[in-house]
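Colleague: I would like to go through the labels on this model one by one. Please set each value against its cut-off.

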Amino acid sequence: MNKIVLHAEYGFAFILTLFIYLQLDFSFWLFLLLLFVPDIAMIGYIINSKVGALTYNIGHSVVIPAILIGASILLEIDTLLMLSCIWIAHIFLDRCLGYGLKYKQSFKDTHMQRV
């Protein structure tokens, strides 16, 4: 039951982020085009699972896009706000689907479940 609630919460966060993104009048097509760009962070797995987990987790931590959202609002940089919203929406969608931060042992071992 708790797992279902957790996935539902992240799904709601994804939908809310998309709603906010669209309210800011950013391009829906650009959203779709860039939504999976953060998965480039998986490139570290070419080296080994330890480096892969590190690069993946940096690209899939909520901290960096959240800081960038705050900075973009304070500095009034719309492009940064748009990209940060897409980035954090990607993270919420991943978590909704059960893809969490990675452990160095295996790509399939995440903080949410074994994929």
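Colleague: Why is Phe 28 called partly exposed?

Modeller: Phe 28 has a relative accessible area of 33%. Buried means under 20%, exposed means over 50%, and partly exposed lies in between (1.4 Å probe, protein chains only). So 33% makes Phe 28 partly exposed. This is a predicted model, where local features need pLDDT of at least 70, side-chain atom pairs count only at pLDDT 80 or more, and totals for chains, interfaces and linings use all residues. Residues are numbered from 1 along each chain as its sequence is written, and side-chain values use heavy atoms, with hydrogens and water left out.

Colleague: What makes Trp 29 exposed?

Modeller: Its relative accessible area is 65%. The cut-off for exposed is over 50%, so Trp 29 counts as exposed.

Colleague: How many aromatic pairs are there by the ring rule?

Modeller: The count is five. Rings of Phe, Tyr and Trp (its six-membered ring) pair if their centres lie within 6.5 Å; planes under 30 degrees apart are stacked, over 60 edge-to-face, and the rest tilted. One of the pairs is Tyr 21 with Phe 31, at 5.0 Å centre to centre and 55 degrees between the planes.

Colleague: What makes the pair of Phe 28 and Trp 29 edge-to-face?

Modeller: The planes stand 70 degrees apart, with 5.7 Å centre to centre. Edge-to-face needs over 60 degrees, so the label holds.

Colleague: Which residues form one aromatic cluster?

Modeller: Phe 14, Tyr 21, Phe 26 and Phe 31.

Colleague: Which residues of α3 are buried?

Modeller: In α3 (residues 49–59) they are Gly 52, Ala 53, Tyr 56 and Gly 59. They cover an arc of only 135 degrees around the axis, which puts them on the same side of α3. The arc is taken from the directions from the helix axis to the C-beta atoms. An α-helix has 3.6 residues a turn, so residues three or four places apart point the same way. On the face of α3 turned away from the buried side, Lys 50 and Leu 54 are exposed.

Colleague: How do you know that Asn 48 caps the N-terminal end of α3?

Modeller: A side-chain oxygen of Asn 48 lies 3.0 Å from the backbone nitrogen of Lys 50. A polar contact is a pair of N or O atoms within 3.5 Å; within protein, one must be able to donate a hydrogen and the other to accept it, and residues adjacent in sequence count only if both atoms are side-chain atoms.

Colleague: Is His 60 buried or exposed?

Modeller: Its relative accessibility is 2%, so His 60 counts as buried. His 60 lies in the loop between α3 and α4. A polar contact of 2.9 Å joins the side chains of His 60 and His 90. Beyond residues up to four places away in sequence, His 60 touches several residues, including Pro 38, Asp 39 and Leu 101. Contact means heavy atoms within 4.5 Å.

Colleague: Where is Asp 39 found?

Modeller: In the loop between α2 and α3. Leaving aside neighbours within four places in sequence, Asp 39 is in contact with Tyr 56, His 60, His 90 and Asp 94.

Colleague: What is the phi of Asp 25?

Modeller: It is positive, about 65 degrees, although Asp 25 is not a glycine. Asp 25 is in the loop between α1 and α2. At 68% relative accessible area, Asp 25 is exposed.

How values were computed
Helix = DSSP H or I, 4+ residues; strand = E, 2+ residues; numbered from the N terminus.
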